[in-house]
Amino acid sequence: MAEGEFVKVAMVEDVQPGIPLAVQAGGHKLAMCNIDGEMYAIDEMCTHADASLCDGDIEGCSIVCPLHFGSFDIKTGEALDPPACVNLKTWETKVVEGEVHVRIN
Ligand code: FES
């Protein structure tokens, strides 16, 4: 698989607003989030400790970690609230004929 290639990770209807969906792309574990119909992909694991953000809550444009309640901006990956202080990686997405694709890099 070439670097920079888009790969299918889900169908649009699988990514419900407010409910992060765990997906995999090129061996990376990601959390796919639907905000007002736009698809955003972030790293699944919190940067603070060992917790899946897919078990967290989406509040507006942020996602709250279920373990210590740090939060991140879903669109930018920015760590917003302690104890999270390291930004998340974000991943480029696109929708093609009802499929959600993520660029591997
Ligand atoms: S593991 Fe996410 S804030 Fe601590």
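The model is predicted, so local features are reported only at pLDDT of at least 70 and side-chain atom pairs only at pLDDT 80 or more, whereas totals for chains, interfaces and linings use all residues. Residues are numbered from 1 along each chain as its sequence is written.

The protein chain contains zero helices and eleven strands. Both kinds of element are DSSP runs numbered from the N terminus, helices being H or I runs of at least four residues and strands being E runs of at least two. In sequence order the pattern is β-β-β-β-β-β-β-β-β-β-β. The radius of gyration, taken over C-alpha atoms, is 13 Å, which agrees with the value near 13 Å for a compact globule of 105 residues; the globule rule is 2.2 Å times the number of residues to the power 0.38. Along the principal axes, the C-alpha atoms fill a box of roughly 40 × 25 × 20 Å. Buried residues make up 31% of the 105 residues. A residue is classed as buried if 20 or more other C-beta atoms lie within 10 Å of its own, as exposed if 12 or fewer do, and as partly exposed in between, with C-beta atoms placed from the backbone. Contacts are residue pairs whose C-beta atoms, placed from the backbone, lie within 7 Å. Of the contacts with a separation of 6 or more, 42% involve residues 24 or more positions apart.

Strands are taken to pair if DSSP finds at least two bridges between them. E2 and E3 run antiparallel and are joined by five bridges, and Val23 stands opposite Leu30 in E3. Strand E3 (28–35) and strand E4 (38–43) are separated by a loop that holds Asp36. Asp36 is not a glycine, yet its phi is positive, at about 55°. Asp36 counts as exposed because it has 7 C-beta neighbours inside 10 Å.

Another open sheet of four strands has the order E5-E6-E7-E8, again with antiparallel pairing. Strand E5 (57–59) and strand E8 (79–81) stand at its edges with a single partner strand each, so one side of each has no neighbour in the sheet. On average, neighbouring strands of this sheet are turned by 30° against each other, direction ignored; the axes are lines fitted to C-alpha atoms, for helices over the stretch in contact, and angles in general run from 0 to 180 degrees between N-to-C directions. E5 is joined to strand E6 (residues 62–64) by three bridges in an antiparallel arrangement. Within this pair, Asp57 stands opposite Val64 in E6. The loop between E8 and strand E9 (90–91) includes Pro83. The peptide bond from Pro82 to Pro83 is cis, with omega near 10°.

E10 and E11 pair in the antiparallel sense over four bridges, and Lys94 stands opposite His101 in E11. The two strands form a hairpin with two residues between them. Glu97 lies in this loop, between strand E10 (93–96) and strand E11 (99–103). Its phi is near 50°, a positive value in a residue other than glycine. With 6 other C-beta atoms within 10 Å, Glu97 is exposed.

Phe6 belongs to strand E1 (residues 6–11) and is partly exposed, with 16 other C-beta atoms within 10 Å. Apart from neighbours within four places in sequence, Phe6 is in contact with Lys94, His101, Val102 and Arg103. Phe6 and Ala25 are 19 residues apart in sequence, and their C-alpha atoms are 8.9 Å apart in space.

The largest nonpolar core has 26 residues, and those with the most contacts inside it are Val9, Leu30, Met32, Cys33, Ala41, Ile42 and Phe72. E1, E2, E3, E4 and E11 are the elements that give two or more residues to this core. A nonpolar core is defined as a set of buried Ala, Val, Leu, Ile, Met, Phe, Trp, Tyr and Cys residues joined through C-beta atoms within 7 Å. Beyond its neighbours within four places in sequence, Ile42 has contacts that include Leu30, Cys33, Leu53, Phe72, Ile74, Leu88 and Trp91.

Definitions and conventions
Contact = placed C-beta atoms within 7 Å.
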